[in-house]
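I opened the file to look up how the chain packs. My entries follow.

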Amino acid sequence: MLNLETESRSVEGTTRGRILLLLKTNGRLSAGQLSSELGLTEMAVRRHMYALEREGSISVISVKQAMGRPIHTYELTMQADDRFPKNYNLLALDLLEELAEDPETAGLITRMFEGRQKKLLDRYEPRMTGKSLEQKVAELELIQNAGGYMAKAEDKANGQYILHEYNCPIAQVAGKYEQACSCELSLFESLLQTKVERTECLAKGGGRCSYTIGIENKANG
């Protein structure tokens, strides 16, 4: 049985979820085939297919027949693949453990996280150009939300800001490799060009990751 994080993203327990699962396990299917599998009329199936097509989960493919009209069939899109479980976190942990167990490669772990930090800085720094601190914090909130961190920024009204992250997509990695958290903190300071302090951390048992963002310029601090 599939186990996803949110009911809205689930492919279980609903007709549309069953449709996605059938397409995942059987490949391209027609409305007639889906109707037979689900015990629904073709009209009912098509109503669900219209909805799934609108959200980008399926695409309609016309298959030519020797005689008569082409048959419309359905298949999953690349976007729909996100609806199914992934084990990227376990793969990442296994690879990092391989490096950590060898004294000759253990030092590469820090270099990998620092390299990732630089790539993220290069990617997002242009979005901060010419912005005030308030605007930069708002931009950082957007960046983190796009990355799945469920971020929320608050203005403390004393020249400082608070950024809360209620989810950590790399929590299992961060819980074992502190470099993930330290590089994130350093990235925030580089993007915002001001002092940032972490006051709570999900990877260390906190209920969220919280950052106090100050007004002093990092270069002058």
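Which residues touch the most other members of the largest nonpolar core? I found Phe113, Leu140, Leu163, Tyr177, Leu191, Leu192 and Ile213, in a core of 31 residues. I took a nonpolar core as buried Ala, Val, Leu, Ile, Met, Phe, Trp, Tyr and Cys residues joined through side-chain atoms within 4.5 Å. Buried means under 20% relative accessible area with a 1.4 Å probe, protein chains only.

I noted the source: this is a predicted model, where local features need pLDDT of at least 70, side-chain atom pairs need 80 or more, and totals for chains, interfaces and linings use all residues. Residues are numbered from 1 along each chain, and side-chain values use heavy atoms, without hydrogens and water.

Next I looked up Ile213. Leaving out residues up to four places away in sequence, Ile213 touches Leu133, Val137, Gly159, Gln160, Tyr161, Leu163, Leu192, Thr194, Lys195 and Val196. Contact here means heavy atoms within 4.5 Å. I then found a second, separate core of 14 residues, including Ile19, Leu20, Val45 and Phe84.

I turned to the whole fold. I counted eight helices and seven strands, as DSSP runs (helices H or I, at least four residues; strands E, at least two). The radius of gyration is 23 Å, well over the 17 Å of the globule rule for 221 residues, so the protein is more spread out than a compact globule. The radius is over C-alpha atoms; the rule is 2.2 Å times the number of residues to the power 0.38. The C-alpha box is roughly 75 × 45 × 30 Å along the principal axes. Buried residues make up 35% of the 221.

Definitions and conventions: Buried < 20%, exposed > 50% of the residue type's maximum accessible area, 1.4 Å probe, protein only.
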